[in-house]
Amino acid sequence: MSGRPFDAVLCDLDNVIRFYDMAPLAGLERAAGLVEGTTARVAFAPEVDLPLLLGKISKEEWVGSIASALSGHVPQTHARQLGMALADAPFRADDAVVTLLRRVRRHMPLVLVTNATLELERDLESMGLADLADHVVSSARVGVAKPDREIYEIAARRAGTATSRCLFVDDQLKNVEAAITLGMTGVHYHEPADLKKVLGFLLND
């Protein structure tokens, strides 16, 4: 065993590396007389969101489910417009985090572990991140989503190390707690400084 605290980094994508611009959707919600965030609350309810994240439905079908759930609050045409605005929200990568993770990968395996859609590969390519990690474990591809222990075990196997030798980074506390239960070192992500603190021993070269 190495003298390092861990031998692989497993990192979430959304709200760690990738961030969405929700301003256009918020404007549509205000125009429709809805409280900002209503569409997201409907869309990310487990019964609406989980089939998408497990690869069982397409993004278009997800939009239909969102519109159906919103149709009691706004006309159907508005409901579908809101669903599409969420599904097609523009996104960007955090350059500071990307730079940090590219440096980390020079020292140990990096695996992205994300609850994502079947469009993930295209999204990574559009951000210039197709080569960011050694492996990508997408819930839509493996058929299991965080915080289910199986997705963490899959990621550790892809990294080629034991779960107890992995660092896991995620913005959702429940996902971090699940990783810690498996013996991983967990980081509840809020800002790049959280990563710099735990990865500092790799970044002094």
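Visitor: What is the strand order in the open sheet of five strands, and which pairing does the sheet have?

Guide: The order is 5-4-1-6-7, with parallel pairing. Strands count as paired if DSSP finds at least two bridges between them. Helices (H or I, at least four residues) and strands (E, at least two) are DSSP runs, numbered from the N terminus. Before we go on: this is a predicted model, where local features need pLDDT of at least 70 and side-chain atom pairs count only at pLDDT 80 or more, while totals for chains, interfaces and linings use all residues. Residues are numbered from 1 along each chain as its sequence is written, and side-chain values use heavy atoms, with hydrogens and water left out.

Visitor: What makes strand 5 and strand 7 the edge strands?

Guide: Strand 5 (135-138) and strand 7 each pair on one side only. From one strand to the next, the twist averages 20°.

Visitor: How do you know that strand 6 pairs with strand 1 and with strand 7?

Guide: Count the bridges against that cut-off of at least two. Strand 1 (residues 8-11) and strand 6 share four bridges in the parallel sense, with Leu-10 partnered by Phe-168. Strand 6 and strand 7 (residues 185-188) also run parallel, joined by four bridges. There, Phe-168 stands opposite Gly-186, and Val-169 has Val-187 as its bridge partner.

Visitor: And what handedness does the crossover from strand 6 to strand 7 have?

Guide: The chain goes through helix 10 (residues 173-181), and this β-α-β crossover is right-handed. The term applies if, with the strands pointing away from the viewer, the path from the first strand over the helix to the second runs clockwise.

Visitor: How many residues of strand 6 are buried?

Guide: Five of the five residues in strand 6 (residues 166-170) are. Buried means under 20% relative accessible area, exposed over 50%, and partly exposed in between (1.4 Å probe, protein chains only). Cys-166, Phe-168 and Asp-170 point one way, Leu-167 and Val-169 the other, and all are buried.

Visitor: Why is Val-35 called exposed?

Guide: Val-35 has 57% relative accessibility, and the cut-off is over 50%, so Val-35 counts as exposed. Val-35 sits in the loop between helix 1 (23-31) and helix 2 (38-43). Leaving aside neighbours within four places in sequence, Val-35 is in contact (heavy atoms within 4.5 Å) with Glu-29 and Arg-41.

Visitor: Why are helix 4 and helix 5 called oblique?

Guide: The axes of helix 4 (residues 59-70) and helix 5 (residues 76-87) come within 8 Å and cross at roughly 135°. Axes are lines fitted to C-alpha atoms, for helices over the stretch in contact, and angles run from 0 to 180 degrees between N-to-C directions. Under 35 degrees is roughly parallel, over 145 roughly antiparallel, 65 to 115 roughly perpendicular and the rest oblique. Therefore helix 4 and helix 5 are oblique to each other. Residues making the contact include Trp-62 and Ile-66 of helix 4 and Leu-82 and Leu-86 of helix 5.

Visitor: What makes helix 3 roughly antiparallel to helix 4?

Guide: The axes of helix 3 (residues 46-53) and helix 4 cross at roughly 175° and come within 10 Å. The cut-off is over 145, so helix 3 is roughly antiparallel to helix 4. Val-48, Asp-49 and Leu-52 of helix 3 make the contact with Lys-59, Trp-62, Ser-65 and Ile-66 of helix 4.
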